[in-house]
Amino acid sequence: MEHVDHILIVDDDREIRELVGNYLKKNGMRTTVIADGRQMRAFLDTTPVDLIVLDIMMPGDDGLLLCRELRVGKHKATPILMLTARNDETDRIVGLEMGADDYLTKPFSARELLARINAVLRRTRMLPPNLVVTETGRLLGFGRWRLDTSARHLLDRDGTVVTLSGAEYRLLRVFLDHPQRVLNRDQLLNLTQGRDADLFDRSIDLLVSRLRQRLLDDAREPSYIKTMRSEGYVFSYPVEILDAQP
Amino acid sequence: MKIALRWPRTLASQLSLIFLVSLVLAHGLSFSLQFYERYESAKSTMLGNLESDVATSIAILDRLPSAERESWLPRLERRNYRYLLGEGEAGQPIDPKAKPVAARSIDEAIGQDYRVTYTDVPGPKKHFQGHLKLTDGTPVVIDVFPSTLSYALWLPVVLLVQLGLLTGCTFLAVRMAIRPLTRLARAAENLDPNVHTRPLDESGPAEVAFAAAAFNSMQSRIASYLRERMQILGAISHDLQTPITRMKLRAEFMDDSTERDKLWNDLNEMEHLVREGVAYARSVHGAAETSQRIDLDSFLDSLVFDYQDMGKQVQLQGKNGAVIITRPHALRRVLVNLVDNALNFAGAAQIVVGARTEGELSIAVLDRGPGIAEAELVQVMQPFYRVENSRNRDTGGTGLGLAIAHQLALALGGSLTLSNREGGGLCAQLKLGAPVRA
């Protein structure tokens, strides 16, 4: 029998959680809607789910607290998608630091939510990371660079911020999640397509060359991202976790 | 050369001038008055003495046997005048109308008995002589050295010390009066309700303390108004987001129709407005974000790539190599608003980084859209201001984008100016403080 994704929706607004639930159901998913953290814990004790949609602003235990709790418990592998009411960078950063896989700002459309859910599921399933660095590391080090995974930028030796575009960051994260492993272009394209899946149409080769420039990596003799002819690319530099998640 | 005398502009110099001039004048007046009094009394005493003395001395000389006269002369000599036997020195005869006062006194004393003629004797020590003949025909000369009024050597020193004291006290008093005012002015100028400013020192003289306390309470009042406004805006937007989310979700269950599309567009517009409203309130209130060292080229590069990845026509021109200390999210927001604006009205945007210049960094966002009427270039940065021509709501603007960019540019310590380009289009120029490493 074909697997049906089971999505758990935790939101204190009854209408929103039911509308979202119905929409996802209509699109072939199994959904459970729940109003608060207490019910969520009780439900997860008996039933495993594929993904949790978690509202940040909730009375009682808020989404951030629940997210952190899930990340240290037995459900730490379950992907989490946060819903935040405030269009605020700090919310996003805090959410990602707490271990959420993605976030969506209210008001959102159900179509957008569905796309995000699918992207997160694809990302976590397609290629399980052999180094779970982005799950556990807030600050990753490789060569002269450090990557801040919550602020999503690179830090030079002297602490200067080198900004990455969205696609560059996602590509680098894929590489850092799978160091010393050859990744072909299809895999890279799939893993790199994040939130703008339908809009992103740049070829992986161009993106890799852009990322190399950003890392000041010489394309002829690259020290970080090596080209494997007719196979794809490999991140050949050792990655270390400099600062673990709390 | 013409020296223009004009009323000084600063309160300090005005007060100093008034104090100093009036004190010096008052002081000078009383000093001169005293001096004059002393001079007059000294003169009348001296002349009185002279009068009686000359009369007595001449009478003595007249009665003395001519052989004894010579020996009496030293005894009759006074400080300012002496008697000589003989014709005296040669000199200019004095016009009787312009006789010195001392000569007149001599006339008063002996004029009735003797005929006295006067001559001026020039020389290093100017003096005059009165010539007369005693009853036995012996010529006698009264040699008068008009005295200069004697004063102590320390007098100018005392005067100078007094002047110094006056100047010093004036300076001190004026400074004391002005300093609290200057401090208040500076505090008012630096008044930024976004940051927690230190309250003004409320010590000092009663008036100063009162003004400082009034200023402090005003400062905290402004801060609380702003906080309140933020809370209201935040609450409204948060409470609006839930119903908008519900409506959007419901709309997605509706069948495809123009009504649904219209509803969808209205909801998007509402959502946009709510977001921008909060963003504007936040930009005025200042961000909590901390500053970081940012590599400017990669910062702009990634911004442009993000647009290009979404299929937008945004180009970057120029590299700068600068590292700046700034708040990256705020700066990004400014640029995103400017680029979005350009994309809305022209469909394409160009970001141009200025060459390295001393102390300033310039980033311009250019478009080839319709531009803005010259008269409205400043007003468009006011919140909710909309220009009359084609830049209107139909293009999706809330009237807050430029206002937010403007506020944030100020919060970043920079400035934002709009201008129309030659050949059409708008140029939004952002100027920031000095790069750290050029």
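Strand β4 (residues 127-133) of chain B is largely enclosed by the rest of the structure, because five of its seven residues are buried. Here, buried takes 20 or more other C-beta atoms within 10 Å of a residue's own, exposed means 12 or fewer, partly exposed is in between, and the C-beta atoms are placed from the backbone. Strands (E, at least two residues) and helices (H or I, at least four) are DSSP runs, numbered from the N terminus.

Keep in mind that this is a predicted model: local features need pLDDT of at least 70, side-chain atom pairs count only at pLDDT 80 or more, and totals for chains, interfaces and linings use all residues. Residues are numbered from 1 along each chain as its sequence is written, while chains are lettered from A and ligands numbered from 1 in the order in which they are written.

| Partner strand | Bridges to β4(B) | Direction | Residues between the strands | Positive phi in the hairpin |
|---|---|---|---|---|
| β5(B), residues 139-144 | six bridges | antiparallel | five residues | B:G137, about 90° |

Have a look at B:F128 in β4(B): it is the bridge partner of B:D120, and B:F128 also stands opposite B:V144 in β5(B).

Now for the helices. Helix α1 (residues 11-63) and helix α4 (residues 155-189) of chain B have axes that come within 9 Å and cross at roughly 150°. The axes are lines fitted to C-alpha atoms over the stretch in contact, with angles from 0 to 180 degrees between N-to-C directions. That makes α1(B) roughly antiparallel to α4(B), a label for angles over 145 degrees. Residues count as in contact if their C-beta atoms, placed from the backbone, lie within 7 Å. Among those that meet are B:F19 and B:L23 in α1(B), and B:F171 and B:V174 in α4(B). The contact residues are 13 nonpolar, five polar and no charged. Nonpolar covers Ala, Val, Leu, Ile, Met, Phe, Trp, Tyr, Cys and Pro, charged covers Asp, Glu, Lys and Arg, and the others, Gly among them, are polar.

Finally, chain B meets chain A, with 28 residues from chain B and 31 residues from chain A in the contact. On the side of chain B, the largest share, 10 residues, comes from α5(B). That side divides into nine nonpolar, nine polar and 10 charged residues.

Technical notes
Parallel < 35°, antiparallel > 145°, perpendicular 65-115°, else oblique. Contact = placed C-beta atoms within 7 Å. Pairing = 2+ DSSP bridges.
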